[in-house]
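I will jot things down as I go.

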Amino acid sequence: MEQRIGFIGIGNMGNAILQGILASNIVPGTQIYVYDPQLDKGQALNQSYSINNLESARDVARESDIVFIAVKPNIIVDVLNDIQKELKKNTIVISIAAGVTIKTIAKCVGYEQKIVRVMPNTPALVNAAMCSITPNTEVTDEELTIVESLLNCIGATEIVPEYLIDAVVGASGSSPAFVFMFIEALADGAVKGGLARKQAYKFAAQAVLGSAKLLLETGKHPGELKDMVCSPAGTTIEGVQMLEEKGFRAAILDAVEAAIKKSKDLSEK
Ligand SMILES: NC(=O)C1=CN([C@@H]2O[C@H](COP(=O)(O)OP(=O)(O)OC[C@H]3O[C@@H](n4cnc5c(N)ncnc54)[C@H](O)[C@@H]3O)[C@@H](O)[C@H]2O)C=CC1
Ligand SMILES: O=C(O)[C@@H]1CCC=N1
């Protein structure tokens with residue numbers, strides 16, 4: 001890929017995307033420009049890849065053809081206003097901020113600028129992200145394909161219209177936190193049953209990982225896969241009944257709905 005890629009903010013998510021792109025070798029480190037105030041100026045970052053650690057967000061914007069803005073939502077407007085004059089006509093601005101709309105971004109960088117909203121999740125740190133991608137009308141199909149191939153370096157992608165990003169937040173942006181709570185609870189139960197804590201996390205996490213893989217790879221309905229585990233008069237159906245009694249499905253549905261609502265509220269601010 002010949003484009004120069006910028007990163008403004010390389011915390012959890014920015015760094016995960018950066019590492020995925022570096023590991024995939026689709027862009028050489030010499031074509032990557034980063035700025036994060038938490039890095040010392042000139043600090044060697046990924047020395048073996050020779051990436052460029054610049055002194056300001058503006059410097060990154062000036063050098064880049066595609067720039068990832070991976071700062072917290074509360075400062076993104078300031079960052080966009082700061083870099084706006086440095087963007088070229090064809091620079092693609094990619095925001096991963098939750099609750100910051102394309103309109104808000106366009107107000108800062110101009111309505112003719114190419115803008116893409118992406119909603120990733122923390123499994124990006126282990127190349128297992130799920131990212132939604134939403135381009136504005138200035139982005140061509142060819143440019144969208146380039147953005148997709150960059151994000152495919154950290155996991156799977158789907159293109160969605162902007163009004164569905166809030167639902168993506170509920171389904172995959174925020175949901176890793178819910179899944180970790182589930183794994184923690186599974187392990188607590190196993191510890192109660194006598195398993196050592198460390199082994200309990202391994203059994204619980206591998207069961208979640210394997211179940212997700214089984215669903216994705218077979219394409220079967222989750223209900224059918226659940227039924228495959230429930231032997232007549234067996235152990236599992238006892239647990240299933242307990243989850244139904246305690247309102248497990250309703251609790252998850254409510255949690256996702258709450259995350260979606262918050263995402264919508266943030267977007268409307
Ligand atoms: N953490 C998550 O699960 C997800 C986060 N996001 C979005 O990703 C964005 C980043 O979140 P995280 O990586 O979790 O946060 P983080 O706090 O780990 O990273 C933000 C980085 O921005 C840097 N920064 C602060 N001011 C800056 C400036 N003026 N210029 C350049 N860099 C600056 C900070 O030093 C920090 O390293 C947020 O907008 C969030 O909404 C989206 C999906 C999932
Ligand atoms: O909690 C948040 O606001 C971010 C966005 C999606 C996941 N984490």
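This is a predicted model: local features need pLDDT of at least 70, side-chain atom pairs count only at pLDDT 80 or more; totals for chains, interfaces and linings use all residues.

**Helix 6 and helix 11.** I began here: Asp166, Ala167, Val169, Gly170 and Ala171 of helix 6 meet Val256, Ala259, Ile260, Ser263, Lys264 and Ser267 of helix 11. For me, contact means that the C-beta atoms, placed from the backbone, lie within 7 Å. By class, this contact of helix 6 with helix 11 has six nonpolar, three polar and two charged residues. I count Ala, Val, Leu, Ile, Met, Phe, Trp, Tyr, Cys and Pro as nonpolar, Asp, Glu, Lys and Arg as charged, and the others, Gly among them, as polar. Helices (H or I, at least four residues) and strands (E, at least two) are DSSP runs, numbered from the N terminus.

**Ground rules.** Residues are numbered from 1 along each chain as its sequence is written, while chains are lettered from A and ligands numbered from 1 in the order in which they are written.

**Angles.** I then looked up the axes of helix 6 (residues 165-173) and helix 11 (residues 248-268), which come within 8 Å and cross at roughly 140°. Axes are lines fitted to C-alpha atoms, for helices over the stretch in contact, and angles run from 0 to 180 degrees between N-to-C directions. Helix 6 and helix 11 are therefore oblique to each other; under 35 degrees counts as roughly parallel, over 145 as roughly antiparallel, 65 to 115 as roughly perpendicular and the rest as oblique. Helix 6 passes helix 11 in a right-handed crossing, with the near helix turned clockwise from the far one by less than a right angle.

**Helix 7 and helix 8.** The axes of helix 7 (residues 175-192) and helix 8 (residues 197-218) come within 8 Å and cross at roughly 130°. This crossing, too, I noted as right-handed.

**Domain record.** UniProt, in an unreviewed entry, lists residues 162-266 as "domain: Pyrroline-5-carboxylate reductase dimerisation". Over residues 162-266 I find 83% helix and 0% strand, with the end C-alpha atoms 14 Å apart.

**Ligand 1.** Which residues come nearest to ligand 1? Of the 26 around it, they are Gly9, Gly11, Asn12, Met13 and Ala97; a residue is near if its C-beta atom, placed from the backbone, lies within 6 Å. Helix 1 (12-24) and helix 3 (73-83) each supply at least two residues of this shell. The shell around ligand 1 has 16 nonpolar, eight polar and two charged residues. I placed Gly11 in the loop between strand 1 (5-8) and helix 1.

**Binding-site record.** The unreviewed UniProt entry puts a "binding site" at positions including Ile8, Gly9, Gly11, Lys72 and Pro73. The listed residues span 66 residues in sequence, yet no two of their C-alpha atoms are more than 13.9 Å apart, so they gather at one spot.

**Ligand 2.** Ala98, Val169, Gly173 and Ser174 surround ligand 2.

Technical notes:
Two residues are in contact if their C-beta atoms, placed from the backbone, lie within 7 Å. UniProt positions are given in the numbering used here, feature names are shortened, and annotations may be inferred rather than shown by experiment.
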